[in-house]
Amino acid sequence: MPAEDGDRLPTPMELALSAQRKTFDRLADATHRAAVLHDRLAEAGSVRVGATPSRVVYRENKLELHHYESLTDDQHDVPILVVYALINRPYILDLQPDRSVVRRLLEAGHDVYLIVWNEPSQLDTALGLEDYVDRYLDNCVDVVRERAGRESINLLGYCMGGTMAAIYAALHPAKVNALGLLATGLYFDDTGGVLELWGDEAYYDPDTLVETFGNVPGEFLEAGFDLMDPVANTLTKYVHLYDRLENEDFVANFARMELWLSEGVDVAGAVYAEFVEAIYQENRLAENELSVGGEHVDVTNIDMPVLQIVGAYDHLVPPAASKPFNDVIPADATTIEYPSGHVGLAMSTRAHRDLWPEVAEWFLDQRERPALADVIGEGVERALGVDVETDVTVGNVGEVEIGVATEADELARAVVDNDARAIEAFLEDALGVQLGVEVGSAGIAVTVDTEDGVTTTVVETVGEAIRAEIEEAVEDLAVATTYDLEDVEGIGPTYAERLRVAGIETVPTLVVTDVEGIADAIDASDTLARKLRDRARRLIGAVDMD
């Protein structure tokens with residue numbers, strides 16, 4: 001049966017002409033790509049990395065401590081110190097504006113510092129964990145603490161830098177407010193993937209390498225990383241590049257990554273050997289058996305908030321080399337396992353869209369408490385039995401998101417200015433109550449006035465910085481109360497007048513004034529002053545939050 005015209009088989013001549021046309025097309029495409037390649041190589045040679053403005057605020061030996069310029073009008077009061085690894089350059093955390101961990105934190109209102117270790121010389125071969133953690137890192141932490149006026153700061157460590165940050169937190173827990181660990185090797189008990197396998201003491205002695213070279217060459221480390229996936233790292237990625245030469249953004253991104261991969265740095269011999277032997281081979285950190293400079297690195301001291309950020313597809317530091325560490329520390333750790341690899345956690349487009357806003361918000365939630373909204377919200381919760389949720393908003397230090405709910409329903413939610421008047425107005429409108437806040441030397445009183453009566457919550461454990469912030473914010477607010485000073489048993493006209501002269505004009509003010517201040521005001525003993533304050537607290541039904 002003859003074929004229809006639409007089903008006709010091509011003739012040999014047509015096949016030859018078609019093949020020739022495809023050949024011409026491939027040649028034309030190759031010629032075009034060759035021309036494009038010349039332009040793209042020129043562009044790739046001029047890419048910028050690490051462009052977020054910063055200045056060096058401290059130097060010691062080779063290291064530089066960088067402080068980044070703010071991107072918001074105000075910044076949160078607890079700064080973040082980023083502890084980078086000793087391998088490669090840190091600009092992978094600031095690769096380009098839309099893929100910059102540093103910028104994501106700055107955009108959220110954080111005050112950001114970063115340690116740039118730079119390359120050690122042969123004079124630095126003997127530098128070990130004691131030098132890097134208990135000297136260099138400790139000095140940088142102290143500089144940041146002093147500049148910020150804080151007793152403790154936040155740490156965010158990446159890879160090897162995260163391991164050092166965890167060691168530091170165990171040695172100096174009072175200086176660490178919150179600890180973030182990004183793709184960090186912490187637990188090596190047949191869980192560490194390729195690195196643990198290659199570093200197994202049955203096959204590898206790091207001391208031999210150190211005795212040969214002094215410092216471990218960056219080229220040696222780079223070759224090892226390439227061999228983790230040799231086809232992808234030495235062939236496939238260049239095929240992808242050729243196929244996407246027309247895409248200027250792709251080529252620029254590729255060039256930035258290649259620049260970072262090619263700029264490896266040497267690692268001081270002693271610290272490299274300590275890492276491999278003590279942490280990879282013997283798992284001493286997770287076993288709580290590590291010592292640095294003769295001092296036990298007691299991981300049970302890591303009781304501050306901890307965030308682990310791990311890559312589900314991280315072959316360098318798999319999740320199993322990070323997450324079990326949460327079980328050996330007392331901290332209530334949070335883990336984010338994101339579908340990415342080791343480097344992708346820091347620079348992939350998806351990570352910057354989904355992951356880093358969440359990390360920035362986690363650090364906001366670890367700010368020193370109680371803050372203004374927390375104090376007022378706790379008072380309302382205690383008085384009315386509702387749930388008041390307060391969260392500083394990402395990107396605007398001057399705002400706070402407040403939600404009010406019962407067990408059955410959410411009553412109200414809004415983003416308001418983070419000042420007493422705005423918070424008070426929102427809660428009063430949402431709940432139909434009158435609120436008052438009074439600040440004294442012994443704490444803060446929150447008074448809630450409803451149709452059923454007045455309830456006062458007293459917060460005593462408030463730091464000086466928070467107390468000053470709240471005092472400034474609420475100095476003009478009236479306190480709702482139905483009691484006069486003379487309603488307190490033992491306070492007559494004379495004591496009442498003396499208290500008013502001293503600035504203690506209301507019962508809520510009395511209950512948050514320290515005993516010495518009351519005694520000085522009425523010219524009486526501390527014992528009597530304490531009795532009067534206790535009676536005032538019982539009179540107004542003050543509930544102690546502490």
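Predicted model: local features only at pLDDT ≥ 70, side-chain atom pairs only at ≥ 80, totals over all residues.
A residue is called buried when its relative accessible area is under 20%, exposed when that area is over 50%, and partly exposed in between (1.4 Å probe, protein chains only). Residues are numbered from 1 along each chain as its sequence is written, and side-chain values use heavy atoms, with hydrogens and water left out.

**Aromatic pairs**

- Rings of Phe, Tyr and Trp (its six-membered ring) pair if their centres lie within 6.5 Å; planes under 30 degrees apart are stacked, over 60 edge-to-face, and the rest tilted.
- That rule gives five aromatic pairs here.
- Take Y84 and Y158: their ring centres are 5.8 Å apart and the planes sit at 50°, so this pair is tilted.
- Y84 is in the loop between β3 (80-83) and α2 (101-107), while Y158 is in strand β5 (residues 153-158), so the pair ties together parts 74 residues apart in sequence.
- Helices (H or I, at least four residues) and strands (E, at least two) are DSSP runs, numbered from the N terminus.
- Y84 counts as buried at 2% relative accessibility, and Y158 is buried too, at 3%.

- W117 and Y132 have ring centres 5.4 Å apart and planes at 75°, so they're an edge-to-face pair.
- W117 comes from the loop between β4 (112-116) and α3 (129-148) and Y132 from helix α3 itself, so the pair ties together parts 15 residues apart in sequence.
- W117 counts as buried, at 6% relative accessibility.
- Y136 joins in as well: ring pairs link W117, Y132 and Y136 into a cluster.

**Out at the surface**

- D189, D190, E287 and E289 form a negative surface patch.
- Patch residues have over 30% relative accessible area and no salt bridge; like charges are joined within 9 Å, and nonpolar side chains (Val, Leu, Ile, Met, Phe, Trp, Tyr) within 5 Å.
- A salt bridge puts a side-chain nitrogen of Lys or Arg within 4 Å of a carboxyl oxygen of Asp or Glu.
- E289, one of the patch residues, sits in the loop between α10 (269-281) and β7 (291-292) and is exposed at 53%.

**R382**

- R382 belongs to helix α13 (residues 372-384) and counts as partly exposed at 38% relative accessibility.
- Its C-alpha atom is 8.4 Å from that of T455, though R382 and T455 are 73 residues apart along the chain.

Technical notes:
Areas by Shrake-Rupley, 256 points an atom, 1.4 Å probe, with all protein chains shown as cover. Lys, Arg positive; Asp, Glu negative; His and termini not counted. Charge placed at Lys NZ, Arg CZ, Asp CG, Glu CD.
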